[in-house]
Amino acid sequence: MANDNSVMIPAMVASGHGAASGGRVIAPAAALKALSERPHLVCHAGFLIERLGQAADARRPDIRAALEQKHFDVAELFAFVCPARPAVPTPRGLARVLLLDTATDEQALCTVRDELLRRLRDPAYPLLRETAETATFLARANWPWAKDVMASLLKAHPRLDVGTFATGLNVWDRVDEWEEDGPRPPGRQDEVGREEALVVLRDALGSDAEAREQQRAYAEMSLHAFAARQSPAFNNILISEAGTGLGKTLGYLAPAWAWAKKNAAPVWLSTYTKNLQRQLDQESARLFPDPDERRERIVIRKGRENYLCLLNMQESFGRLQAGGTRGALLAALIARWARHSRDGDLIGGDFPSWILSLFPDGGMDGEVRHPSPQGLGLTDRRGECIYVACPHYKRCFIEKNLRAARKASLVIANHALVMHAAAVDHALGQATTSEEETAPGGLKRIVFDEGHHLFDAADSAFSSHLTAMETAELRRWLRGPENDRRRGRGLAERVGDLVSDSDGGEQVLDEILRAAHALPSSGFLRRIQEGRPEGPAETFFALVRRQVLARDGTETGHTLEADCQPLIDGLGQASGGLAAALIDLKRPMQRLAAILAAKLDDEAAELASAERGRIEALSRSLRRRGELMVGGWVTMLNRLIGDRDPLMIEWFDVEQAGNREMDVGLHSHWVDPTEPLALAVLRPADGVIVTSATLKDRPPELPDDWQNAEMRTGAVHLPYPVRRESFASPFDYPRMARIIVVNDVNRENMDQIGAAYRELFFAAHGGALGLFTAISRLRAVHRRIARPLAEKGLPLYAQHVDPMDTGTLVDLFRAERDACLLGTDAVRDGVDVPGDSLRLIVMDRVPWPTPTILERARKDAFGGNAYMDMVVRLRLRQAFGRLIRSQADHGCFVMLDARLASRFATAFPPGLAIERMGLVDAIEAVKDFCKNPPK
């Protein structure tokens with residue numbers, strides 16, 4: 001290892017409350033000082049240093065000094081050497097992925113370093129020349145690892161000659177091109193027999209798997225949604241509740257694949273969370289053990305904003321390189337990932353999200369922020385795609401993904417994408433070109449897993465928001481960046497060449513750009529807050545802000561809300577003025593969309609398929625924004641000064657974050673968002689499965705009632721009956737779990753709450769998940785328990801505290817048997833930790849709905865307190881459902897709120913009693929149950 005420049009560098013790893021280096025435990029302040037004085041060999045410097053800073057209660061300048069030191073970070077080296085490879089960014093986490101056996105974290109640190117450099121010395125290392133180009137580029141940027149990396153590469157290829165100006169960053173010139181293919185022929189409608197589906201299920205499970213009769217029954221029942229449609233008046237819809245442990249994923253995957261294969265037609269599998277999308281992809285390996293077949297048969301689809309845009313990447317890399325060593329390194333790591341990525345998915349795909357947390361940026365307010373794909377301008381978030389006019393069109397990840405999805409048998413999507421696509425198709429008609437159509441022939445067979453989230457997903461998909469940010473974003477989309485420091489392309493750049501030879505096209509484009517002046521321009525928030533608005537939109541928002549502050553002036557740091565009626569003086573007139581300005585914008589947008597659509601017909605014989613796709617995409621984009629978005633805003637403004645719609649609930653708000661105003665506007669939601677869900681999504685499909693472990697509410701008086709399940713999934717709005725089936729969990733919950741309500745802790749006293757969490761976590765010796773209803777309470781508890789848990793050797797991770805994304809924090813928690821994790825709703829609904837790493841869940845409060853204007857309207861519409869109780873029970877079922885994930889699991893669920901009334905008992909599995917006791921008894925009960933698990 002003579003070439004290894006890091007050999008003489010001291011290593012440092014996290015240890016308890018502080019750190020360890022050279023076999024010695026170091027106090028947090030001393031460790032932070034050492035890291036600021038000289039480079040160290042570390043793993044994820046940002047995470048280590050921020051945690052040491054929290055433990056030492058250090059000043060930001062001291063933390064910044066440690067971050068600015070040029071450390072040898074093995075997490076950076078791993079991301080460089082093993083791009084697009086999932087791993088937990090800890091010494092032992094990286095060692096596990098590299099199949100290394102290590103005894104201590106310090107040993108793991110050095111062993112991982114040696115193994116990564118050894119891999120670079122292998123002549124068979126992939127894309128060796130490109131790797132050397134990037135290493136040479138990073139050497140010029142003074143990346144600490146660059147010399148070691150180049151020395152290893154030269155051992156693999158001694159005569160390697162790298163061009164002086166080569167960087168290896170030009171991924172846009174190197175990724176494989178996709179190939180044009182013909183349209184998919186229409187599928188058949190042959191039915192799948194019971195035995196056909198069960199054979200697929202048996203093959204997927206393997207010969208050694210134990211037979212699960214409920215899983216077989218569930219798979220057979222799922223065939224209902226794949227039956228041929230008998231009438232245009234009704235379709236085949238199944239609502240099925242399948243308890244945890246039944247194996248429902250394979251239960252619907254088997255008949256879905258059997259039907260897709262037999263009929264050469266796709267089935268869409270929709271989830272609510274990206275986490276389940278990943279799990280579905282992994283589970284599908286049982287159907288397709290061959291990775292190549294799996295890539296062909298199964299495709300993950302997300303919105304365009306999730307994927308790397310090569311043109312935006314090319315533009316953003318220039319800015320990153322100008323940012324010095326760290327910017328150059330970030331660009332290089334993103335480029336390395338893009339070159340090896342399966343599909344270019346930056347959000348929840350094979351891009352290791354923890355890479356971005358390697359680059360912390362401390363703001364003036366002391367908050368640590370990390371770059372995001374959207375903030376870096378890497379994605380096509382704002383609908384700026386120029387399609388075939390883009391120089392990277394043939395290599396585009398988004399286009400490649402769309403084409404793969406159109407040929408796939410199973411498409412793993414999410415509720416937001418499915419609902420948006422169905423809603424746009426319902427409003428505008430189905431697209432006719434492959435660039436724009438979501439699915440050939442439409443979304444005909446859909447499985448909605450995590451069906452308990454359909455109500456929330458529909459609420460988001462079918463709502464409208466007339467806010468300062470939204471309108472300013474539309475202006476930017478139309479006029480382009482009006483500030484030299486902003487990136488982007490305006491409408492003229494996107495369509496100018498298409499309308500230059502059309503009759504009146506350029507004039508209509510000019511009308512749009514002039515009308516867009518009515519929308520907020522750069523600096524709008526400051527002007528609105530200072531009461532000096534410019535133009536009709538800013539005038540409207542300034543008055544909306546005044547009404548909100550007049551009627552809800554609480555300085556809580558959270559979003560402020562106010563009812564729309566009665567309007568303050570001048571707001572009605574401002575609403576009319578903005579509505580008129582928006583109508584003047586909507587009309588030319590519609591005319592331009594029509595001109596583009598006419599071009600498709602007039603030049604049908606001349607246009608290449610890619611050019612046709614571009615034209616339809618731009619036409620539909622104009623219609624989406626003109627007819628649906630701007631038209632929706634006009635309707636909302638007219639309701640403000642006219643008659644309200646009883647189906648809608650509308651309110652004003654001022655969005656705040658940390659006592660900083662972020663946005664102001666008018667919001668419109670359906671009181672019952674499953675009405676448009678039923679109309680736009682459920683009715684047009686041929687067959688739909690809505691499934692979840694927690695669909696039914698189970699109120700005490702009607703524990704087997706389907707009424708709320710049908711209400712929250714949209715089935716109640718269908719003019720024909722749907723099929724309903726329920727399958728109980730196979731788990732012996734009374735033996736495997738205990739539910740305890742602590743009745744002597746003051747829920748308002750954070751010292752008592754913190755002490756309860758600390759002692760309960762001690763009693764279980766870690767393996768504990770703490771769930772909170774408010775971020776402020778989570779942070780307050782974290783401050784109180786971080787040191788004592790560290791002193792007991794129990795790692796503690798916390799959402800909204802640790803400088804890491806939630807998915808990585810869950811991975812860290814899952815990887816360590818005795819770790820503890822604190823989180824809020826995202827953790828409650830998204831954690832899947834089977835095994836001994838999770839044996840205790842503690843909730844701080846009964847999860848009542850947030851008291852907002854929207855919730856008030858739904859409470860009034862859906863039965864008052866009965867609605868509130870239903871929401872609580874469903875949230876409790878989701879939280880408890882995190883605890884028992886496999887037959888080997890066991891654990892305690894503890895509620896620190898004595899208000900957990902007996903009417904909520906049906907949220908938990910039958911036969912599992914709620915035990916009420918004081919904290920001391922609860923601690924002993926948890927200690928005994930976790931120490932002596934059931935046999």
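Good morning. I begin with a group of rings: F731, Y733, F880, F893 and F908 form one aromatic cluster. Please keep in mind throughout that this is a predicted model.

Let me look inside that cluster. Y733 and F880 form an aromatic pair, with 5.8 Å from centre to centre and 55° between the planes, and this pair is tilted. Where do the two residues lie? Y733 belongs to helix α28, residues 733-736, and F880 to helix α34, so the pair ties together parts that are 147 residues apart in sequence. Are these two residues buried or exposed? Y733 counts as buried because its relative accessibility is 9%, under the cut-off of 20%. F880 counts as buried as well, at 4% relative accessibility.

I now turn to the aromatic pairs in general. The structure holds 21 of them. One of these joins F455 and F862: the ring centres are 6.2 Å apart and the planes stand at 75°, so the pair is edge-to-face. The angle decides this, because planes over 60 degrees apart count as edge-to-face. F455 lies in helix α18, residues 454-461, whereas F862 lies in the loop between α33 (853-861) and α34 (865-881); the pair therefore ties together parts that are 407 residues apart in sequence. With a relative accessible area of 2%, F455 is buried. F862, by contrast, is partly exposed, with a relative accessible area of 22%.

K394 lies over the face of W178, at 4.1 Å from the ring centre. In the other case, the charged end of K792 sits over the ring of F762, 5.3 Å from the centre of that ring.

My last topic is empty space. Rolling a probe the size of a water molecule over the atoms shows where such space is left. The second largest pocket has a volume of about 710 Å³. Which residues lie nearest its centre? They are L67, R326, L358, F359 and P360, out of 30 residues that line the pocket. Two or more lining residues come from each of these elements: α2 (45-56), α3 (60-68), α14 (310-321), α15 (325-340) and β9 (361-362). What is the make-up of this lining by class? Eleven of its residues are nonpolar, nine are polar and ten are charged.

To close, I return to the pair of Y733 and F880, which are both members of the aromatic cluster and both buried. Thank you for your attention.

Definitions and conventions: Residues are numbered from 1 along each chain as its sequence is written. This is a predicted model: local features need pLDDT of at least 70, side-chain atom pairs count only at pLDDT 80 or more; totals for chains, interfaces and linings use all residues. Side-chain values use heavy atoms; hydrogens and water are left out. Rings of Phe, Tyr and Trp (its six-membered ring) pair if their centres lie within 6.5 Å; planes under 30 degrees apart count as stacked, over 60 as edge-to-face and the rest as tilted. Helices (H or I, at least four residues) and strands (E, at least two) are DSSP runs, numbered from the N terminus. Buried means under 20% relative accessible area, exposed over 50%, partly exposed in between (1.4 Å probe, protein chains only). A charge sits over a ring if NZ of Lys or CZ of Arg is within 6 Å of the ring centre and within 35 degrees of the ring normal. On a 1 Å grid over the protein atoms alone, a cavity is a set of points where a 1.4 Å probe fits but cannot get out, and a pocket is an open set with protein on both sides within 12 Å along at least five of seven lines; lining residues have an atom within 4 Å of a point. Grid points are joined across faces, edges and corners, and a volume is the space filled by probe spheres set on the points. Ala, Val, Leu, Ile, Met, Phe, Trp, Tyr, Cys and Pro count as nonpolar, Asp, Glu, Lys and Arg as charged, and the others, Gly among them, as polar.
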